[in-house]
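Dear colleague,

I am handing over the structure below, together with an account of what was found in it. Please read the notes alongside the coordinates.

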Amino acid sequence: MSVREQQLDRQLVDHLSRRPSAADLEAGARNLLANCVGLRAGETLLIVGEGQSDAWFRPEVSTVIAEVAVGLGAVPKVILAREVRGPEDLPRDLLETMRTADHTVFLSRLGDQVRFSGLPGSGSKTMCALYDTSYLGDAFARVPHGVFEEVSSLLLARLAGKRHCRITCPEGTDLEGGVPAADGGQAPTTQDFTVAYFPTMITPPLSAAGLTGRLALSRWLMSTSTHAYDESLLTLRHTLCADVERGRIRCFHGEASEVARVERHFERVAGLFGGEAFALNSWHCGINPRTFYAASAEDDIDKWSSMVYGSPRYTHFHACGRDPGDIAISLFDATISFDGEDFWEGGRFVFLERPEVRRILECYPGSEGAYDMRWDIGI
């Protein structure tokens with residue numbers, strides 16, 4: 001057994017044997033409300049939970065957060081919203097309540113669906129990756145929010161002006177090319193999120209327009225969570241390779257019937273929402289090494305992917321249709337470099353090892369283990 005496998009097994013056993021204390025739950029909720037949302041006494045807080053029978057987000061998380069909000073002198077309101085097809089389908093009563101709320105916190109898939117959409121009201125909007133109390137009480141939620149906010153800002157600053165990117169993975173991916181925004185001296189992001197994320201897990205997506213080479217498709221294709229649609233999950237029977245030229249998939253290579261099945265999937269999804277079927281729109285990789293998933297990915301792949309996107313082990317591409325695209329392509333343990341300098345290496349976010357990034361921890365007492373890697377992400 002490798003050192004990594006030993007770490008994974010030990011972390012999983014430790015997590016399953018530990019139940020969060022009331023103090024840990026309160027600390028996680030306070031970190032969200034005080035350090036991320038900026039909630040103050042007298043303000044109103046709308047908490048949007050999930051009301052459907054197959055809810056991913058447990059209602060007790062909303063309850064704990066509402067109780068802590070009351071303790072901070074705020075006025076919380078919890079709404080359990082129905083599932084919707086996409087951001088254009090949000091319930092009118094929810095939109096009206098959001099319009100007048102000082103802050104809105106999503107403990108619901110709705111928050112991901114609206115991450116690129118304009119939302120009513122001038123109050124803050126925050127999407128939480130907190131399915132249950134095991135996340136709320138874990139160091140995942142208790143690491144001071146400012147730590148990874150500063151890491152993200154520093155990363156984007158270091159990417160500004162980079163001219164060349166290369167992405168490789170053990171399955172055979174080898175993509176490289178120019179960084180589209182390099183000439184403007186800005187980080188090569190596509191579109192910023194309209195909601196804040198708690199915890200900070202990822203940067204805004206980076207453009208794939210300049211990438212050329214080979215992209216491995218393995219395990220499964222999924223929704224990007226922008227729209228809900230039937231048969232969004234396509235489990236792959238064989239690994240395929242896609243030839244990519246400047247952000248466009250030109251053809252697939254592999255077992256013939258599997259190639260045909262994947263091509264039909266891309267064409268069907270593009271037909272549902274419009275745009276170019278074989279566009280490779282953007283990509284990003286997780287930056288929060290405290291991200292974990294205690295169950296198996298195969299138990300619920302859509303739910304799994306909506307959590308582990310924050311892990312440095314997980315890189316995903318948005319493809320098919322208009323930005324941000326509606327098909328997610330997964331890579332694992334990638335090495336990603338800009339101008340020949342590794343930022344991720346074999347699934348580790350090695351950017352965290354730089355002296356200026358290590359110094360961030362000195363400003364946040366109690367955050368000493370914030371950069372410790374969790375390998376247990378359900379695969």
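Accessible areas come from the Shrake-Rupley method with a 1.4 Å probe, and for residues only the protein chains shown count as cover. On that basis the chain exposes about 15500 Å², of which carbon and sulfur atoms supply 47%.

This is a predicted model, in which local features need pLDDT of at least 70 and side-chain atom pairs count only at pLDDT 80 or more, while totals for chains, interfaces and linings use all residues. Residues are numbered from 1 along each chain as its sequence is written, and side-chain values use heavy atoms, with hydrogens and water left out.

Of the 379 residues in the chain, 57% are buried (under 20% relative accessible area, with exposed meaning over 50% and partly exposed in between, for a 1.4 Å probe and protein chains only). The secondary structure comes to eleven helices and 18 strands, these being DSSP runs numbered from the N terminus (helices H or I, at least four residues; strands E, at least two). Among contacts (heavy atoms within 4.5 Å) between residues at least 6 apart in sequence, 73% join residues at least 24 apart.

Seven strands form an open antiparallel sheet in the order β13-β12-β9-β6-β5-β17-β18, where two strands pair if DSSP finds at least two bridges between them. Its edge strands, each pairing on one side only, are β13 (248–253) and β18 (341–344), and the twist averages 20 degrees from one strand to the next. Within this sheet, five bridges join β9 (residues 211–217) to the antiparallel β12 (residues 240–245), and L217 stands opposite L240 in β12. Helix α9 (residues 256–273) packs on the sheet, touching β9, β12 and β13, and its direction makes about 155 degrees with that of β13 (axes are lines fitted to C-alpha atoms, for helices over the stretch in contact, and angles run from 0 to 180 degrees between N-to-C directions).

Finally, S223 lies in the loop between β10 (220–222) and β11 (234–235) and counts as buried because its relative accessibility is 11%. Leaving aside neighbours within four places in sequence, S223 is in contact with Y229, S232, D326 and A328. The C-alpha atoms of S223 and I329 are separated by 8.9 Å, although these residues are 106 apart along the chain.
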